Amino acid sequence: MFVKTLLLALFFPCLISTEPIELTDQTWKKMLDGQWMVEFYAPWCSACQKFKPIWNDFSKAMSSRHVKVAAIDTDKYPSLSNRFRIAGLPTIFYVRNGVFRQFEGGDRSLNSLKKYITNEDWLKTEPIPSYIAPDSIIMSFVSSNFNIHQLFTDVFTILQDEYKFPAWTVYIIIAIASILVAFTAAYSIASITHTFVDGLFKIYTKFTRSNENETEKLLEPTEQTTATNVTTSVVEDQNGILDEEVNVEEEEQTESN
């Protein structure tokens, strides 16, 4: 793949796109495969506007390498901003095979960005822990909650601005919808929890029964051996008593003679 890209860059440069890839809330998971440098920006951010030419030049510089350069508009996709815990703009992430690192290259110059890749300066940055990584269950839950909040906000705006509903009517509608959503979520969580606990109980029961069966199999030979030893001891004791009786009778006969 790298050789193919290099040949295209040398002989057909017009066929290779050098612009940063625009990722969305539907396509962001592409960055989980391979190497990516991803910038989060907003159109109103003056620092982002100043940084844009540098980011475009960096994308061109990486076009002949195996690093994909992308950008995400936080105004269009605020749920991704929450998923990645964006606190300032622009923010850059380096993603390698699903492992996330936040770029900490200082001045964000073109030279600094290139060195971050070519000199593997990203190794100096600690990866984001997996439990709070953007693709983790926790951050997916945070993102989904934000999507629900955004949905209610959009519904409020549409009902009030386009359909001219009174504000109190819209609040009642949203309150009822919120209760229904909360009830559905609680029911779903309860069902999942019940299924999970039931599965654990079945595994525990199966494991316990298996251990009991193994213990019984181990004890059976021991019990048989113990019974055999007891029987042998009894027989030996009886033989010993008989021998003693015979000896006594022989002594009595000897004395009578």
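Predicted model: local features only at pLDDT ≥ 70, side-chain atom pairs only at ≥ 80, totals over all residues.
Me: Is S81 buried or exposed in this model?

Reply: Residues are numbered from 1 along each chain as its sequence is written, and side-chain values use heavy atoms, leaving out hydrogens and water. Relative accessible area, with a 1.4 Å probe and protein chains only, gives buried under 20%, exposed over 50% and partly exposed in between. With a relative accessible area of 16%, S81 therefore counts as buried.

Me: Which residues does S81 touch beyond its neighbours within four places in sequence?

Reply: S81 is found in helix α3, where a helix is a DSSP run of H or I of at least four residues, a strand is an E run of at least two, and both are numbered from the N terminus. Contact means heavy atoms within 4.5 Å. Once the neighbours within four places are set aside, the partners of S81 are T74 and I86.

Me: How far apart in space are S79 and D25?

Reply: S79 lies in helix α3, residues 78-83, and is buried at 6% relative accessible area. Along the sequence, S79 and D25 are separated by 54 residues. From C-alpha to C-alpha, their distance in space is 7.5 Å.

Me: What share of the chain's contacts with a separation of 6 or more comes from residues 24 or more positions apart?

Reply: The chain holds six helices and five strands, following the pattern α-β-β-α-β-α-β-β-α-α-α. Buried residues make up 25% of its 257 residues. For contacts with a separation of 6 or more, the share from residues 24 or more positions apart is 70%.

Me: At roughly what angle do the axes of α2 and α4 cross?

Reply: Axes are lines fitted to C-alpha atoms, for helices over the stretch in contact, and angles run from 0 to 180 degrees between N-to-C directions. The axes of α2 (residues 46-61) and α4 (residues 110-118) come within 9 Å. They cross at roughly 40°.

Me: How many charged residues are in the contact of α2 with α4?

Reply: From α2 come F51, I54, W55, D57, F58 and A61, and from α4 come L110, L113, K114 and I117. Ala, Val, Leu, Ile, Met, Phe, Trp, Tyr, Cys and Pro count as nonpolar, Asp, Glu, Lys and Arg as charged, and the others, Gly among them, as polar. By class, that gives eight nonpolar residues, no polar ones, and for charged residues, two.

Me: Where is P90, which a cis peptide bond joins to L89?

Reply: In general, most peptide bonds are trans. The bond joining L89 and P90 is cis, with omega about -10°. P90 has its place in the loop between α3 and β4 (91-96).

Me: What is the relative accessibility of R108?

Reply: R108 is in the loop between β5 (99-102) and α4. Its phi is near 55°, a positive value in a residue other than glycine. R108 counts as partly exposed, because its relative accessibility is 31%.

Me: And what is the relative accessibility of E120?

Reply: E120 has a positive phi of about 55° although it is not a glycine. Its place is in the loop between α4 and α5 (137-162). E120 counts as partly exposed, because its relative accessibility is 41%.
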